Amino acid sequence: MASPAKNRPQSIHSWVAQELGSRIVSGFYAPGDYIPNETSIGEEMGVSRTALREAFKMLSAKGLIESRPKLGTRVRLRKNWNMFDPDVLRWCFDNNPEPKFYLSLYEMREIFEPSAAALAAMHRTEEQVQALAEAYAEMEIAEHGTDAVYTSDLNFHIALLDATNNEFMASLGMTIERALESSFRLSSATANEFVTSLPGHKAVLDAIKEGDPARAKFEMQAILTNSKKALEKTLEDMTAKQAVNE
């Protein structure tokens, strides 16, 4: 449970929103549950009603809760949550989401990233090709066991979305950056899987550089198919280890 609010660098209502948001996405407050009244939860957290109400406004804007007259504040169904909100994504990843959460992310990526690669091949500038090439070079020299393994992968995909010169695609990449980082961390957890992915990224880079949208789309789809398999294997191993420990 939360300790009384003190010595926190962020605003009190932002901290309260973070605490309650984490409880919601972790299932402590399940969809359909009513959050305790302002008096009891305010006393528990050591915050004012004003801070609570501001936090509730934030959570309501993110689709997590709704106020019901004479009944209180209720957690909304998961389908109503704004999963593209950076805070909601962070809270989800910080609370050990179920394997289905990661796989849903890959299904979404399979919808837009191959098409983004095709757009990049058609619309990229020379400077953007250079940025993509630099990101790939970072991947080649990344040492297994270091953060560079997944940060370089992330930089490559963000650079690709930027190279589409489509403001919606670029914005989408920045919005789900935390989600991509966490999925890359898992899918590249073994040295073999990361090394295996390098030729595919190089193929995407070459197709974009040569202005070949069909090949760029095909190669990106291949990357996602292979990395999804790697992620599924990692998740299976994690689930097996948890079962043994229990």
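Predicted model: local features only at pLDDT ≥ 70, side-chain atom pairs only at ≥ 80, totals over all residues.

Q: Fine. At what angle do the axes of α1 and α3 cross?
A: Roughly 55 degrees, and the axes come within 8 Å. Helix α1 covers residues 12-26 and helix α3 covers residues 49-61.

Q: So what do we call that arrangement of α1 and α3?
A: Oblique: angles of 65 to 115 degrees would count as roughly perpendicular and those under 35 as roughly parallel, so α1 and α3 are oblique to each other.

Q: And which hand does the crossing of α1 and α3 have?
A: Right-handed, as α1 passes α3.

Q: Switching to α6, which of its residues are buried?
A: Those are Q128, V129, L132, A135, Y136 and M139. They sit on the same side of α6 because they cover an arc of only 120 degrees around the axis.

Q: What's exposed on the face turned away from that buried side of α6?
A: E126, E127 and I141.

Q: How far does α6 reach, end to end?
A: From first C-alpha to last, 23 Å for 16 residues, close to the 22 Å expected.

Q: Now the strands. How many bridges join β1 to β2?
A: Four, between residues 65-68 and residues 72-75, and the two strands run antiparallel. I65 in that pairing stands opposite V75 in β2.

Q: Which residue in that hairpin takes a positive phi?
A: K70, near 70 degrees, and the hairpin has three residues between the strands.

Notes
Residues numbered from 1 in each chain as written. Heavy atoms only, no water. Expected span 1.5 Å × (residues − 1). Buried < 20%, exposed > 50% of the residue type's maximum accessible area, 1.4 Å probe, protein only. Arc of directions from axis to C-beta. Pairing = 2+ DSSP bridges. Axes fitted to C-alpha atoms, helices over the stretch in contact; angles between N-to-C directions. Parallel < 35°, antiparallel > 145°, perpendicular 65-115°, else oblique. Left-handed = near helix turned anticlockwise from the far one by under 90°.
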